[in-house]
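Work through the exercises below with the sequence and the model side by side. Each task is followed by a solution in steps.

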Amino acid sequence: MFEKYMKLAIAQARKAIGRVSPNPMVGAVVVKRGEIVSLGYHRQAGSPHAEINALKKAGKKAKNADLYINLEPCCHYGRTPPCVNAIIDSGIKRVIVGIEDPNPLVSGKGIATLNAAGIITQMGVLKEECRKLNEIYIKYITRKVPFVVLKIASSLDGKIAARSGDSRGITSQKSIRLVHKLRDQLDAIMVGIGTVQADNPLLTTRLQGKMGKDPVRVIVDSHLRISHQARVFNSDSKAGVILATRKGVSAEKKEQLKKMGAKVVSIDSADGMVDLKKLMLALGKLEITSLLIEGGTRIVTSALRAGIVDKTLFFYAPKILGGQSAYGITAGEGVEYISQSLQVQDVKVRRYGEDILVEGYINDKRLSW
């Protein structure tokens, strides 16, 4: 019974995917004598939380009812007042929670406040599903860096572009639509300057009906070689552009690009390149909680070497490009032994049109590359 209503709370929370950053996705269900009284979810940062929306709809029916929420209710003043106060005032008898909020301002304190008020609490219902739902929030709130998704589109033989550099049309339209959904759901997208120079991409979200939001465009450009004519500067998108460069780059170049509307972030270098670990810290300070890497060979290799990738999405198209000169997914020497390889876990395999998507998580952060 608990699981049935928690699944409904999770479904409510998902309605706001990509819209609540830097907050978590939260859904709430008020149930009384086995009957669903009301539903609610947190729609966007700064707006009322899921519990408040559900309780408002329930009105007097909330008295002696059960409240199901996928995340521990807040007990501090942030952009909105504490939810625990509203829960106590509503007369709710029991609160069933998926997971504890990892935010140090809340962690365990919300439940303790409810218990002190005489409200019965039940923790850990569908906890794994609840954790996965808010995997972005959990990483960001505990480590202050974005959750990083690495997306690759390649041929069956692991090539992301032909030897000419042509990469368009490797994967199917169905796969491309999924990638645009990801852009809509995540805070930012990152590529290297090589990709900008080769493809001149917009890096915007293009869904049917012109729906969706554009991610912040992050371009790793160690020497600020980007052209002022690049399409990221000359589109209708309101999403910002962040140029990540090394410290010591010409102040004049920085000022020129700032006049183009870009935010220039100077990062310490690692082996002559932008230190991606430190870049993640800088993006975290800008409240970027999630990042999609759609890079070329160089940025993909650097991201894996730096150990910043959390989730991988590899789209394999039924094509074989062949040739040593074609662009591979990664570069460099790679590992010497299989035992040194990065381990991809919790792997799922799905079909998208003619393509095969291999999805997984990298939990091994050893710098073995």
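Buried means under 20% relative accessible area, exposed means over 50%, and partly exposed lies in between, with a 1.4 Å probe and protein chains only. The model is predicted: local features need pLDDT of at least 70, side-chain atom pairs count only at pLDDT 80 or more, and totals for chains, interfaces and linings use all residues. Residues are numbered from 1 along each chain as its sequence is written, and side-chain values use heavy atoms, with hydrogens and water left out.

**Exercise 1. Leu224**

Task: Find where Leu224 is placed and decide whether it is buried or exposed.

Solution. 
1. Leu224 is in the loop between β9 and β10 (241-246).
2. Its phi is positive, about 50°, although Leu224 is not a glycine.
3. Leu224 has 5% relative accessibility and therefore counts as buried.

**Exercise 2. Helix α6**

Task: List the buried residues of α6 and name elements that cover them.

Solution. 
1. Glu135 is in helix α6, which spans residues 135-143.
2. The relative accessible area of Glu135 is 19%, so this residue is buried.
3. The buried residues of α6 are Glu135, Tyr137, Lys139, Tyr140 and Ile141.
4. Their cover includes β3 (66-71), α5 (127-133), β6 (147-155), α10 (276-285), β15 (311-317) and β18 (355-362).
5. For Glu135, with neighbours within four places in sequence left aside, the contacts are Phe147, Lys311 and Tyr361.
6. After α6 comes Lys144, with a positive phi near 60°.

**Exercise 3. Packing of α2, α3 and α4**

Task: State at what angle α2 and α3 pack, and at what angle α3 and α4 pack.

Solution. 
1. Axes are lines fitted to C-alpha atoms, for helices over the stretch in contact, and angles between N-to-C directions run from 0 to 180 degrees.
2. Helix α2 (residues 50-58) packs with α3 at about 25°, and their axes are 9 Å apart. Angles under 35 degrees count as roughly parallel, over 145 as roughly antiparallel, 65 to 115 as roughly perpendicular and the rest as oblique. α2 and α3 are therefore roughly parallel to each other.
3. In this pair, Glu51, Ile52 and Leu55 of α2 meet Cys83, Ala86, Ile87 and Ser90 of α3.
4. Helix α3 (residues 83-90) and helix α4 (residues 109-116) also pack at about 25°, with axes 10 Å apart. This makes α3 roughly parallel to α4.
5. Here Val84, Ile87 and Ile88 of α3 meet Gly110, Thr113 and Leu114 of α4.

**Exercise 4. Cysteines**

Solution. 
1. A disulfide is a pair of cysteine sulfur atoms within 2.5 Å.
2. Cys75 is in none: the nearest cysteine sulfur, in Cys74, is 7.1 Å away. Cys75 is partly exposed, because its relative accessible area is 22%.
3. Cys130 is buried, with a relative accessible area of 0%.

**Exercise 5. A cis peptide bond**

Task: Find which residues a cis peptide bond joins.

Solution. 
1. The bond joins Ser21 and Pro22, with omega about 5°.
2. Pro22 is found in the loop between α1 (2-14) and β1 (27-32).

Technical notes. Helices (H or I, at least four residues) and strands (E, at least two) are DSSP runs, numbered from the N terminus. Contact means heavy atoms within 4.5 Å.
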